[in-house]
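Here are my notes on this one, as numbered points. Keep the viewer open while you read, and pick out each residue as it comes up.

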Amino acid sequence: MLAHCTDDRKTPECSTKSMDPVEYTLRKRLPRKLPKRRNDVYINMKTDFKAQLARCQKLLDGGAGHKEICIHGLGLAINRAINIALQLQAFSQGALQLAANTSTVELVDDLEPEDPDEAGEPLTRTRNNSAIHIKVFYPNA
Amino acid sequence: MSGAKDRMRHKKMRNQPSNMTYSSSQEFPNGEGSGGSAGQGYSRSQHTKGPSGYGQSQQASGWVRGRQDGPVPRDEVLPKYITASMFAKARAAEVNSMLKAVSKTTGSSHVFGALPKHMRRRAMSHNTKRLPRRLRELADRMLEKSHHAGQKEKKEQSKTKSRRARRRHGNLLLEFNRRQRKNKWLETHIWHAKRFHMLKKWGYCLGERPTYKCYRASYRAMSSGCLLQDMSYYCCLELWGPEEQLMSALSRLTSKDTGPTFAAVLCVSGQREGNTLLYKADQYPHQPMGPAQFLWRPRNAESSLRQLWIWVHPTIKQELLSELQVVCQCFEAVSPPPSETPVEAGPSDQPSAPASSDLKSEPQHPGKKRKREGDGKEDKPAKKILGDGTRSPMTPVSWRSAENDIVINDLSMEIVRYRLIGPLSHAVLTETLLPATNTEIDIESTSSFWWPQHCKNKDSMSLHKQQADVFQLLKGVNSTSELPAGCVLGLTVDDPRLTLPKKRVTAALDLQAAQDVDEEQRRDLTLRGVPAPCAQTALWDQDVRDNVTNNRVLEQEMNKMKRELLVPGSRLPVFPQSRVPILLVHQAGKQQGEERRGWGSGWDLLLPKGWGMAFWVPLVYRGVRVGGLQMSLKHSQNKCLPHFPHEFPDCPAGVRFQEEQEVELLNKFKRRPPAKRTNYIKHGCLAPFRCPWQRLTEEWEKIVKQDGEEGKLQSAEMEGVISQSGEDTPPTSAFTVLRSRKVLRQLSVWSKPSSARNSRVPRGCLPTPLLNTASAMELQAQWRHCLVWVRVCVLGKGLPTLHTMLCVPTAEDLQQLRKDPRSIGPKEPRHKDHLQHLLKRRSKRRKASPQFPASEKDEGTPAAVNKDSSSSSAPKDNQDSVVTSTHPNLSTSISKGAESAVESSSATDLSDSCKEYVRGLWPEPLPSVSSHCSRVTLGWVTQGDFSLATGNGEALGFVSLTGLLHMLLSQPADQRGSVLVRNPTSLQYRYARLHVEA
């Protein structure tokens, strides 16, 4: 693989597969994008909380009139997703019901070698993160 | 007779010949020399005899012509007879003059001048039939004459050709070739020219933006749909040679500091496309040339030679080519094979890129061929497509080395490159392209087409199968940004025109296909990218490319076949010549910064030449939006990447761009009436149309030096600095842009405010040394005269525009910001336009003493005398102001000091510079650019706009490295990276946050 590697000093470093923070830069890739329905709401930490809450509220009682919406939260946003779902329920005076599911999402990190010419293959790491999917719906009764 | 009448008569008689006044003194000797007084008597009698009342009326009205002084009294007896000949002789002169008067037209010399006014008509000058017949001939002659005078012989000839003749294919091609003699057309030119504002740039005709409104829609396409661009104007240089030799040669052009080079492992294997920054040989970090994309051909079992494509912007191609020749020692020009040589033919004979493929099928149309021969043009050059704007047709395109085995080929315009941007570009591609089908047929038969021969090879077939499988897998990937950056997939596809939808459709994700895809394989693809062998494609081979280009099925034939289909609208069968080798290259999205990760990723589609339109229309039919140069600028701006050549002020191309931009802006400015122009002097904006980067870096260096040596030997030092700065400005150390990734990363961390949320250094990042004076000084010493490329986000209102100033906030400003985060910011006191003042005063003085036209000169001389004394003092004043300006509290007094200095210098310079003085602009020798205003200038914006992604003003620009470090050191930790921005046309500063992208 390193046929052109001229500097002998570097070879031992090439062989080390373990991640060394000096050697690599970490670049996180976006989580996998899935097809999205109209009543799917992905919660993030950048948008204002109130705005996201209002958006969900609008989906439930607006002209769209969805019977159920799905609130998804990943990682840090799990808290906020739960928060939003509970707030929705509280505002509806018990008309709404919640059904929560948890899952695990595989995320990909790229490790870019600091010295791209000499290092071995750039590493790709996968790690897992938790996610929550809350179904907020009007019971059929 | 009243005066008026007299005048009237005079006017009437003006054009009458003078001999109408028939003086008697002449008459007697000439006319009636023989007759004596008797002759006179006859003439008298005639009057009464002929027209009966004539004589009487003449006498009654007092119309006496040459008779008053005659010796004959009026009541003389009339003669008994007259001699006709005598009489006629005597009248001859009168008749002659009368005829003359009639034939001479009055007023203008137009024919219809002869007509009375009420008979003249407006259109007579164009349509002679409107004239009375007797005048027609004359008018015709004059009309012809005027036509001849106005037009040249040549133009007239083309005019005679009817539109039908002009639109005939061959003639149209000639016309097209003539029109792209200077600026070459891309293959999609005609498509673009119908829809876009075209620009003549870099030797090409390029679409800048569509004529319809689609700015926002194009942004939306980039972020959630698909935007298509024709990037074929980028130039491709091909290098052949043994890997070690190429590597050692190319390593001189790049530096590892700036990121991956040609030797990056993944790129060398051909699996990924790389981006790098090229410098002149062994000159890093000085003399950069510009960015380049490069692609290695995957290693081949048969040959040890490697093949490398380098894609660069057309403005740096020639430079790079000469540099490559130097590092590879390739000076031997290889003349192209004679069958293809276009050297003898003039440039007009070079067929255009879109046209050529049509031309080369001429043998099938014997009639057409004959016509071209009849034109006297040789049909040979039709074979070669030379649609390259960056070189003349005479220059060679290939160079070989005498010492080593490296060969350089210039492949500009040989390969078409389309760029698809946006998450849906994936869906568009999978929908448009279809991997070549029925590979098993006619293996035995021999064919001139490349694909059947290719099919015979078992290995290549298995490779094709593998590639097709990967391409199927791509359908399961929903977004372009999920793939590893820069991965490459080679493919052979069917002619996309065969599967062209009847109507324009919108590509969407195919959920069904996505579910069919094997999950395990898809995961592998997103993790590892396309396996290395799949990057191999026949597009790398010159022979295959030529074969494919020359055997393209014409649009016309395609339509004919469609017409003859049994079931209208059904799919055409695949012909053997409709397989095209292509290359798909993934383009990474936004990689730097935290927000909008992966924004603007997409695919590049590489095609053999001639096939441009065959792929373009099917892509457009899949509902992509097409963007021009404007959108590529916005794309890189949103991706936080510097755009070439706009944001490379240290490259020759960037310098040229800046000069052009300055001229353009200045001309635009001058077009306004002086009273309606923005007075940039009053706004304290020294250079609204350009950025004096060199001055900025030097001044900041001085500021910091002064700051460091505060106590010691101030006056003496200052003298030294001043004298030094006088000579220092020349080229000793031209400014550069900091591109070392390590340093940039350090700066990026330093320029972030250390609030609770951001304090956490992300794992995997380098532990950076803390920001302190020592580390800053070390950095400064290492990188002198450096600029740093920064992104600036306005915190509240405000929209930074081109050449907006980035300024250092004072301590009060920061306090104000802390107190009220939404405060609008400080205001610049209005500057005084001393020049206007001076000019006015002078003009007044000149008015007061108009008898001395030389006063201006007199004024000039004392000024010149003054200059000697003030030239030593003025820069000193400047220097003082620079020194003091580092203490923010004193900044207002500084600006005054600067102004006074400016005034003195401007007063002296005015006399010589007022000729090119443009009202509202500073005359040429600028005062200190950094400390001219109340806030010290740190840098300027090169690209500023309302960002549709963040919803407020965002700008990209450069700041001085020295200045940046100086500013960061003086700011409290939680407010690091706060700057002020001020537009050149405004006095209002706005708060903004500065980010160093790394």
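1. A word on burial first: buried means under 20% relative accessible area, exposed means over 50%, and partly exposed is in between (1.4 Å probe, protein chains only).

2. Some housekeeping. This is a predicted model, in which local features need pLDDT of at least 70 and side-chain atom pairs count only at pLDDT 80 or more, while totals for chains, interfaces and linings use all residues. Residues are numbered from 1 along each chain as its sequence is written, chains are lettered from A and ligands numbered from 1 in the order in which they are written, and side-chain values use heavy atoms, with hydrogens and water left out.

3. Back to that pair: Glu662(B) and Arg690(B) meet through their side chains in a salt bridge, 3.4 Å from N to O. The term stands for a side-chain nitrogen of Lys or Arg within 4 Å of a carboxyl oxygen of Asp or Glu. Glu662(B) sits in helix 26 (residues 652–671) of chain B, and Arg690(B) in the loop between helix 26 and helix 27 (693–708), 28 residues apart. Helices here are DSSP runs of H or I with at least four residues, strands are runs of E with at least two, and both are numbered from the N terminus.

4. How many salt bridges does the structure hold over all chains? The count is 34. One of them joins the side chains of Asp410(B) and Lys317(B), at 2.8 Å from N to O. Asp410(B) lies in strand 11 (residues 407–410) of chain B and Lys317(B) in helix 14 (residues 314–328) of chain B, so this pair ties together parts that are 93 residues apart in sequence. Asp410(B) and Lys317(B) are both buried.

5. Another salt bridge worth a click is Arg579(B) with Asp494(B), where the closest N and O atoms are 2.8 Å apart. Here strand 14 (residues 579–587) of chain B, with Arg579(B), is linked to strand 13 (residues 488–494) of chain B, with Asp494(B), and the two residues are 85 apart. Both Arg579(B) and Asp494(B) are buried. There is also a network of salt bridges that links Glu273(B), Arg417(B), Arg419(B) and Asp604(B).

6. Now for some helix packing in chain B. The axes of helix 19 (residues 458–474) and helix 21 (residues 519–528) of chain B come within 10 Å and cross at roughly 95°. That makes the two helices roughly perpendicular, a label for angles of 65 to 115 degrees (under 35 is roughly parallel, over 145 roughly antiparallel, the rest oblique). Axes are lines fitted to C-alpha atoms, for helices over the stretch in contact, and angles run from 0 to 180 degrees between N-to-C directions. Val470(B), Leu473(B) and Leu474(B) of helix 19 make the contact with Gln521(B), Arg522(B) and Leu525(B) of helix 21, contact meaning heavy atoms within 4.5 Å.

7. Chain A has 3 helices and 5 strands, running α-β-β-α-β-α-β-β from the N terminus. Of its 141 residues, 35% are buried. In chain A, 5 strands form an open sheet with mixed pairing, in the order 1-4-5-3-2; two strands pair if DSSP finds at least two bridges between them. The edges are strand 1 (24–28) and strand 2 (40–43) of chain A, each pairing on one side only. From one strand to the next, the twist averages 25°.

8. Within that sheet, strand 4 (residues 97–113) and strand 5 (residues 123–137) of chain A pair in the antiparallel sense over 15 bridges. Val105(A) has Asn129(A) as its bridge partner in strand 5 of chain A.

9. Phe644(B) and Pro645(B) are joined by a cis peptide bond, with omega about 0°. Gln93(A) is not a glycine, yet its phi is positive at about 55°; this residue is exposed, with a relative accessible area of 72%. Met413(B), also not a glycine, has a positive phi of about 65°, but at 10% relative accessibility Met413(B) counts as buried.
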